[in-house]
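This briefing goes through one protein model, from the whole chain down to single residues. Please keep the sequence and the 3D view open while reading.

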Amino acid sequence: MFDAHFHIIDPAHPLIPNEGFVPEPFTVTDYRQRVAAYDITGGAVVSGSFQGFDQGYLIAALRRLGPGWVGVTQLDPSSSDEDIISLDRAGVRAVRFTLARGGILDVNLALRAHDLAGWHTELYVDSANLPELARQLALLPRVSIDHLGLTSSGLPQLLDAVDRGIRVKATGFGRLKLDVADTVRRIDAVNPQALLFGTDLPGTRAPRAFTAADLDLISDALGDTALQRLSANARIWYRL
């Protein structure tokens with residue numbers, strides 16, 4: 001499998017309180033131990049709001065993980081073209097904006113990252129807020145949305161976005177306010193290439209973290225080969 005969304009929290013690198021929250025450490029070693037029972041051979045390390053614009057932890061994690069693993073970063077708008085190209089060489093493949101944690105979508109920055117390195121844009125956003133972002137999203141060539149869009153109230157807007165080519169991460173089931181099985185079936189019906197699965201480990205701030213039951217939920221909803229198919233979707237999306 002390809003784990004399209006997880007976090008590495010290395011206390012050797014800076015952490016920034018977000019809404020007063022600072023996560024517990026979750027190193028590459030911790031991650032490997034946590035997923036040892038699953039056949040995960042690649043994935044995407046995703047920068048969280050508590051990591052700000054620090055790139056040191058991400059570069060170090062990708063070096064330890066090796067081939068088949070990529071990074072999703074939060075990028076300082078003042079980053080130079082050379083900074084972006086250097087991060088791309090280190091394995092970074094996307095820029096993330098955490099709108100659900102008080103961030104903003106910097107379209108100019110996202111477009112610059114795409115033009116320079118082919119990066120797509122990842123959004124942590126309640127899908128109910130997608131209509132107010134419609135003009136900005138229309139400017140971006142490649143976009144994915146985290147955690148199934150978070151809430152059921154935004155599902156019609158999310159399905160419209162999927163119909164326009166946006167990808168969706170089936171991640172963080174313990175933090176969602178929606179029917180996961182129904183949501184993934186409806187997204188998959190619109191575009192079978194849209195869904196990417198991830199563990200969201202270590203599940204910071206979620207009422208519950210990833211469990212093996214989340215894998216069963218995907219298989220029960222979409223069929224026995226769904227996890228392999230969603231992994232293939234993710235590898236294509238991350239240009240692997």
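A residue counts as buried when its relative accessible area is under 20%. By that cut-off, buried residues make up 55% of the 240 residues in the protein. The model is a predicted one.

**Overall fold**

- The secondary structure consists of nine helices and eight strands.
- A compact globule of 240 residues would have a radius of gyration near 18 Å, and the value of 16 Å for this protein agrees with that.
- Along the principal axes, the C-alpha atoms fill a box of roughly 45 × 40 × 35 Å.
- Of the contacts between residues at least 6 apart in sequence, 73% join residues at least 24 apart.
- The protein exposes about 10100 Å², and carbon and sulfur atoms supply 50% of this area.

**Helix 8 and what it packs against**

- In helix 8 (residues 212-222), the buried residues are Asp-214, Leu-215, Ile-218, Ser-219, Ala-221 and Leu-222.
- An α-helix has 3.6 residues a turn, so residues three or four places apart point the same way.
- The buried residues of helix 8 pack against strand 7 (167-170), helix 7 (180-190), strand 8 (195-197) and helix 9.
- Helix 8 is followed by Gly-223, which has a positive phi near 110°.

**The contact between helix 8 and helix 9**

- How do the axes of helix 8 and helix 9 cross? The axes of helix 8 and helix 9 (residues 226-237) come within 8 Å and cross at roughly 100°.
- Angles of 65 to 115 degrees count as roughly perpendicular, so helix 8 is roughly perpendicular to helix 9.
- On the helix 8 side, the residues that meet helix 9 are Leu-215, Ile-218, Ser-219 and Leu-222. On the helix 9 side, they are Ala-226, Leu-227, Arg-229 and Leu-230.
- The residues of this contact divide into six nonpolar, one polar and one charged.
- Leu-215, Ile-218, Ser-219 and Leu-222 are also among the buried residues of helix 8.

- Most residues other than glycine have a negative phi, and most peptide bonds are trans.
- Which kind of peptide bond joins Leu-201 and Pro-202? The bond is cis, with omega about 0°.
- Pro-202 lies in the loop between strand 8 and helix 8.
- Arg-205 is in the loop between strand 8 and helix 8 as well. Arg-205 has a positive phi of about 70° although it is not a glycine.
- The relative accessible area of Arg-205 is 28%, so Arg-205 is partly exposed.

**The segment after helix 9**

- Arg-239 is in the segment after helix 9.
- Arg-239 is not a glycine, yet its phi is positive, at about 60°.
- With a relative accessibility of 39%, Arg-239 counts as partly exposed.

**A residue in helix 6**

- Asp-160 is located in helix 6 (residues 155-163).
- Asp-160 has a relative accessible area of 46%, so it is partly exposed.
- How far apart are Asp-160 and Ile-187 in sequence and in space? They are 27 residues apart in sequence, and their C-alpha atoms are 9.6 Å apart in space.

Technical notes:
Residues numbered from 1 in each chain as written. Predicted model: local features only at pLDDT ≥ 70, side-chain atom pairs only at ≥ 80, totals over all residues. Heavy atoms only, no water. Axes fitted to C-alpha atoms, helices over the stretch in contact; angles between N-to-C directions. Helix = DSSP H or I, 4+ residues; strand = E, 2+ residues; numbered from the N terminus. Parallel < 35°, antiparallel > 145°, perpendicular 65-115°, else oblique. Contact = heavy atoms within 4.5 Å. Nonpolar A, V, L, I, M, F, W, Y, C, P; charged D, E, K, R; others polar. Buried < 20%, exposed > 50% of the residue type's maximum accessible area, 1.4 Å probe, protein only. Rg over C-alpha atoms; globule rule 2.2 N^0.38 Å. Areas by Shrake-Rupley, 256 points an atom, 1.4 Å probe, with all protein chains shown as cover.
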